[in-house]
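I opened the model today and kept notes as I went. The entries follow in the order of my look-ups.

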Amino acid sequence: MRKLSFKLGLLFFVFVLGIETVLFASLYVTLVNARINEEFEQLLARGNNHRDVLEKSYHLSTLEHVVMMESEAETDVVITDANGNILYFSDRILPFAKKLIPHADVRHISHSGMVVQNNWKKQPYIATASPIRMEGKTKGYVYMFQRTASIQNMISKLKHHFLVVGVVSVFLTIMTIFFLSRVITIPLIRMKQATEKLSKGDFSVRLQVKGEDELAQLGKAIQTLAADLEYLKKERNEFLASISHELRTPLTYVKGYADIARRPNIAEEERANYLSIIYEEAERMQKLVKDLFELAKMDRHSFQIEKEPTPLCLFLKKIYEKMAPAFQAKQMVLIYRCEENVTVYIDRQRFEQVMTNLLDNALKYSHECSTVSMHVKREKKNVIIMISDEGIGIPEADLPHIFERFHRVDKSRSRIGGGTGLGLAIVKEIVEAHGGSISATSQFGKGTTMLITLPRG
Ligand SMILES: Nc1ncnc2c1ncn2[C@@H]1O[C@H](COP(=O)(O)OP(=O)(O)OP(=O)(O)O)[C@@H](O)[C@H]1O
Ligand SMILES: [Mg+2]
């Protein structure tokens, strides 16, 4: 992860540095050019001023006055005649002027003057020339000179400033990038640590996620994943524990009774009794394994229901006819009422399983001679199937758990009935796969009602 923040930082740095360099360089060049142009313009303006004065009064006193003014100032002046012969000059400047003036090409110079020496980098002076014109004739030229040392000084100061600002901004850039890349990578590092923990089986992952951006969403997704994994692991452990428990009991019976049954000096009648117990237990285990397999299939999401339009009343009538004899055998009555023939979209085979499981419970957990009713009601958007019995009922404490796997109110009683506690879990899975829901209401000792709500087709 260090690597990521380093890579990210380096990438940012290279980009920002590139942009900064280009900006600084262009700013520097523009600034220097502007300053130098200003110098040239000032020098030329000063020369033009002197020239204007001279054009008005071309007298010795005026010439001397001009030269005197320049000997006080930073700049210097040379006045020549039309042929370039030096007439007057302020001090210091003569040697340089003598070298420059013969080479200055001032033949086509306009009245506003021109720059005749612009090499401020190498020459000691820059120079401009302004022509003195009187009555249409060129009378002479005013040459102005300025030391380049002061310009160079100014430029080097500017350079220095730029260097300082440049270093400071590079430093600030590095700092900013360092912090930024940390801000971005720290949550990633945390998430990486979290997923490492997850892969090692430690699900106690707590990520602090703030905001709604992609990183926060990723954090939340990992958090949810951790919670889901924790839940799955817990559930799997509980599931395995219950399965082994469920299998252990019948196996103990089988083993115990088989042991007795194989003894030689045992009455034939007794042996038959033991064998039938063994047979029953084996049957129980067979059912258990079948139900478990059923549930496992549903869990894997590979469980597909094939819905077909089904007239509900007719469909339930057939189930009623199949089940009624079992109720009669216990001197019970099964009442069936279906108001209107509603069409629902169900997987018939699966739904038959739902109904038989529920009716089987109603039968199993009811006293003899009681009544069980199966009732279909139509609502605006749903169809309600209600199965009510007058049986032993479910205690309030157990009611919320009866749809859980292996949950049985009374283990010993259920064992007699041969139940595994998986029936309602299967029912719930199937009903929910149909987009419906199931709930139970019960009064302990009085009876139970199971309520299936199905969306109408
Ligand atoms: N109609 C009912 N009246 C009273 N108790 C019920 C009724 N239906 C379910 N129960 C209680 O809920 C528990 C769970 O029911 P479920 O159908 O899941 O399991 P089971 O009937 O014990 O076993 P299986 O259906 O797998 O043979 C039952 O053991 C029983 O205690
Ligand atoms: Mg059952």
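**Entry 1: domains.** How far apart do the C-alpha centres of domain 1 and domain 2 lie? I get 103 Å between the two C-alpha centres. The assignment gives domain 1 as 2-154, domain 2 as 214-299 and domain 3 as 308-455. Those bounds come from an automatic or database domain assignment.

**Entry 2: ground rules.** I am working on a predicted model, where local features need pLDDT of at least 70 and side-chain atom pairs count only at pLDDT 80 or more, while totals for chains, interfaces and linings use all residues. Residues are numbered from 1 along each chain as its sequence is written, chains are lettered from A and ligands numbered from 1 in the order in which they are written, and side-chain values use heavy atoms, with hydrogens and water left out.

Entry 3: The record places "transmembrane region" at residues 162-184. Its positions are given in the numbering used here, feature names are shortened, and annotations may be inferred rather than shown by experiment. In the model, residues 162-184 are 100% helix and 0% strand. The end C-alpha atoms of that span are 32 Å apart. Helices (H or I, at least four residues) and strands (E, at least two) are DSSP runs, numbered from the N terminus.

The record also lists "domain: HAMP" at residues 182-234. I find 74% helix and 0% strand over residues 182-234. The end C-alpha atoms there lie 36 Å apart.

**Entry 4: nonpolar patch.** Which residues make the nonpolar surface patch? They are V164, V168, F171, L172, M175, F178 and F179, covering about 670 Å². Patch members have over 30% relative accessible area and no salt bridge; nonpolar side chains (Val, Leu, Ile, Met, Phe, Trp, Tyr) are joined within 5 Å, like charges within 9 Å. Areas come from the Shrake-Rupley method with a 1.4 Å probe, and for residues only the protein chains shown count as cover.

I checked V168 on its own. V168 sits in helix 4 (residues 148-199). V168 is partly exposed at 44% relative accessible area. The classes are buried under 20%, exposed over 50% and partly exposed in between (1.4 Å probe, protein chains only).

**Entry 5: two helices.** I compared helix spans with expectation, which is 1.5 Å times one less than the number of residues. Helix 5 (residues 214-261) has 48 residues and should span 70 Å. Its end C-alpha atoms are 69 Å apart, which agrees. Buried residues of helix 5 include G219, I222, E246 and P250.

Helix 8 (residues 348-364) has 17 residues. Helix 8 reaches 24 Å from first C-alpha to last, close to the expected 24 Å. Its buried residues include R350, F351, L358 and N361.

**Entry 6: salt bridges.** How many salt bridges does the structure hold? I count 18. The criterion is a side-chain nitrogen of Lys or Arg within 4 Å of a carboxyl oxygen of Asp or Glu.

I took R46 and E70 to begin with. Their closest N and O atoms are 2.9 Å apart. R46 lies in helix 1 (residues 2-56) and E70 in helix 2 (residues 60-72), so the pair ties together parts 24 residues apart in sequence. R46 is partly exposed at 32%, whereas E70 is buried at 0%.

Next, E352 and K322. The closest N and O atoms of this salt bridge are 2.4 Å apart. The pair links distant parts of the chain, with E352 in helix 8 and K322 in helix 7 (residues 312-329), 30 residues apart. E352 is partly exposed at 25%. K322 is exposed at 58%.

R51 and D52 also form a salt bridge, at 3.0 Å between the closest N and O atoms. R51 is buried at 4%, and D52 is partly exposed at 32%. I also noted a salt-bridge network linking R35, E38 and E39.

**Entry 7: positive phi.** Where is E135 found? E135 is in the loop between strand 4 (125-134) and strand 5 (137-147). Its phi is near 55°, a positive value in a residue other than glycine. E135 is exposed at 82%.

Q331 also has phi near 55°. Q331 lies in the loop between helix 7 and strand 7 (333-338). Q331 is partly exposed at 48%.
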